[in-house]
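Dear colleague,

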Amino acid sequence: MSKTRYKNQKESNEAIAKAYIENDYTNSQNKLLLVSKANYGEKSSNVCYSSVDDKGMNFYEFNNNAERNLMLIERYEWADFSSVTIDHSVTKSVFTFVGHGENRDITIEGKGKEVEQVIRNHSSMEVNVVKRPVWTKVLGYRSQTTWKMFMASTVYTLILLFILHALLPAATHNFIMGLALLILFLSIIGLFIGLIKPKWVLPKFKIKTRKRVLFSYLYLILSCFFIAGVFSDGESTSTPASTQVSSSQNSVTVSSKKDGADSSKQKVEKNDSDKTAKEEKRQKAEEQAAKEEAERKAQEQAAKEEAERKAEEQAAKQEAERKAQQQAASQQSTPSSSTSNSGNYKPFENDPSDDRQSNMSCSGQIKGNKNSKIYHVPGGAYYDRTQDNIVWFCSEADAQAAGYRESQR
């Protein structure tokens, strides 16, 4: 493959490198799995590419000015290393191979995850992946360089302040601006103290150096300046120019102020009337809701009483039918059987003639209906009307203990 061919086709360096590598693997027993751009550290300052196969890795140096664009620098066999530590970031991955001899640090760009998978599948090396906090993957924090993180934090803070300014109500702006000025004053004092005694102003930091104090408190001071500027709502104090304007301009200013005062007064009156209307509307809504709730409760109570009344009437009706059936059966029975059984006859509890003699010790007290399980007290609406299927109780407590409930009427 000639260099001229690829230049005439205007192919990219990566395409040229891939073509060379695929050609090198044509007669190789190793299976080519992927090609990626790499950083070979001190071994080469030029652009490098790595080829990953099932047995190891080849590293090539790319040079446009050479007769052969791609030169093989070194090859690593998976079997030569016992373990590898991998540190993944967003755009690149650093592989530290540990073997019997010297350790190797290789940076793979863009395809670090794929290379890690190849190592896991085709080698017996112990793979250790460095766990990075999420914030270290954010743009500006990936390199862990102090000044880059400082600049990134400042930019992100400014963007966040503009978002908060749009979301927070205008009534809170003055409070936020005042709080920012207070923190600004305290931060300046903390900066001077920290440059003398860093540990006094960095209680939560493990590394307590003057450099950390400088960057931390400069960021805090800049943030407070940004807050005061963003939440000031464009208010500024300018020098009065009354000595430089004419009397006609003064009169116009007074007139405009008066008009502004009148307009403000009208706005206040309008706001007051709006508040009054809203309050009246709210009160009417509450009254309507209370009225509807009262009507609903009344309907529920009436429905409950009606259901109880129907249950009692149904129970009385069933008892009357049962009594009629018993009387008809007794009339059809022979006199002899009546005579023979007369000595053992026990009157029913619902015999009307026995409604006050069934329980002589509690006669005339609590009267219960065995079918409906409802008891009636003397003076109740259904007390005298309940004459069938009667069970007597000496007290309401006895009736309730037997499972009866009090009549609603």
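Glutamate 319, by contrast, is buried, with a relative accessible area of 1%. Both residues belong to helix H8, and because they are 3 residues apart there, about one helical turn separates them. Please note that this is a predicted model, and that the values quoted in this message should be read accordingly.

A second pair in helix H8, which spans residues 247–332, has a corresponding arrangement: arginine 309 and glutamate 306 are 3 residues apart and therefore separated by about one helical turn. These two residues form a salt bridge in which the closest N and O atoms are 2.3 Å apart. Glutamate 306 is partly exposed, with a relative accessible area of 33%.

In total, the structure holds 12 salt bridges.

The side chains of arginine 75 and aspartate 53 meet in a salt bridge, with an N to O distance of 3.0 Å. This pair links distant parts of the chain, as arginine 75 lies in strand S4 (residues 70–77) and aspartate 53 in strand S2 (residues 48–53), 22 residues apart. Which of the two is buried, and which is partly exposed? Aspartate 53 is buried, with a relative accessible area of 0%, whereas arginine 75 is partly exposed at 25%. The two residues also belong to a network of salt bridges that links Asp53, Arg75 and Glu77.

I turn lastly to an open sheet. Four strands form it, in the order S11-S9-S10-S12, and their pairing is mixed. Strand S11 (390–393) and strand S12 (405–406) stand at the edges; each has a single partner strand, so one side of each is left without a neighbour in the sheet. Strand S10, covering residues 374–376, runs parallel to S12, and 2 bridges join them. Within this pairing, tyrosine 375 has glutamate 406 of S12 as its bridge partner. In general terms, the strands of a sheet pair through backbone hydrogen bonds, in either a parallel or an antiparallel manner.

With kind regards

Note on methods. Residues numbered from 1 in each chain as written. Predicted model: local features only at pLDDT ≥ 70, side-chain atom pairs only at ≥ 80, totals over all residues. Heavy atoms only, no water. Pairing = 2+ DSSP bridges. Salt bridge = Lys/Arg side-chain N within 4 Å of Asp/Glu carboxyl O. Buried < 20%, exposed > 50% of the residue type's maximum accessible area, 1.4 Å probe, protein only.
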